Amino acid sequence: MHTPRKTNPPATAPRPGKTRLIATALASATAVIALAGCAGVEYREDICNSGEYPALSVGGTGSVCVSDKQEPPAGFVRYPEGKVPRQVDDEWDVYWNTHTLDKDGNIIDAPDAG
């Protein structure tokens with residue numbers, strides 16, 4: 001008498017429990033990569049848009065962005081060379097919160113810096 005033989009599923013087909021385990025492991029790995037991968041990335045906002053430069057208020061801490069093709073408006077001047085803020089909260093942006101230029105172009109403590 002001939003008895004039908006039981007066959008095992010193909011070697012490439014995962015077992016139902018194993019599929020869930022693999023899916024959970026992949027989801028966990030994706031979450032770890034997403035969280036750890038972004039940990040070292042820091043977004044920095046530019047002071048002005050491309051094609052513009054920042055100008056400082058004479059005697060105050062205000063600033064304005066001016067087109068590269070124009071001079072600063074009345075009451076504003078270009079920042080001293082090498083001391084131009086480029087990004088929000090960079091070294092020079094923080095510095096100019098408590099300093100300004102007088103009418104002669106000298107760096108002074110800002111009167112409105114409390």
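I looked up the accessible surface of the chain in this predicted model and found about 9,000 Å², of which 55% belongs to carbon and sulfur atoms. Accessible areas were taken by the Shrake-Rupley method with a 1.4 Å probe, and for residues only the protein chains shown count as cover.

I noted the conventions next. Residues are numbered from 1 along each chain as its sequence is written, and side-chain values use heavy atoms, with hydrogens and water left out. Local features need pLDDT of at least 70 and side-chain atom pairs count only at pLDDT 80 or more, whereas totals for chains, interfaces and linings use all residues.

I then turned to the fold. The chain has two helices and five strands, in the order α-β-β-β-α-β-β from the N terminus. Helices (H or I, at least four residues) and strands (E, at least two) are DSSP runs, numbered from the N terminus.

I checked burial: 18% of the 114 residues count as buried, meaning under 20% relative accessible area, with exposed over 50% and partly exposed in between (1.4 Å probe, protein chains only). The largest nonpolar core holds six residues: Leu-56, Tyr-79, Val-84, Trp-92, Trp-96 and Leu-101. Such a core is a set of buried Ala, Val, Leu, Ile, Met, Phe, Trp, Tyr and Cys residues joined through side-chain atoms within 4.5 Å.

I finally examined Glu-71, in the loop between β2 (63-67) and β3 (76-78). Glu-71 is exposed because its relative accessible area is 60%. Beyond residues up to four places away in sequence, Glu-71 touches Tyr-53, Val-66 and Arg-78.

Methods. Contact means heavy atoms within 4.5 Å.
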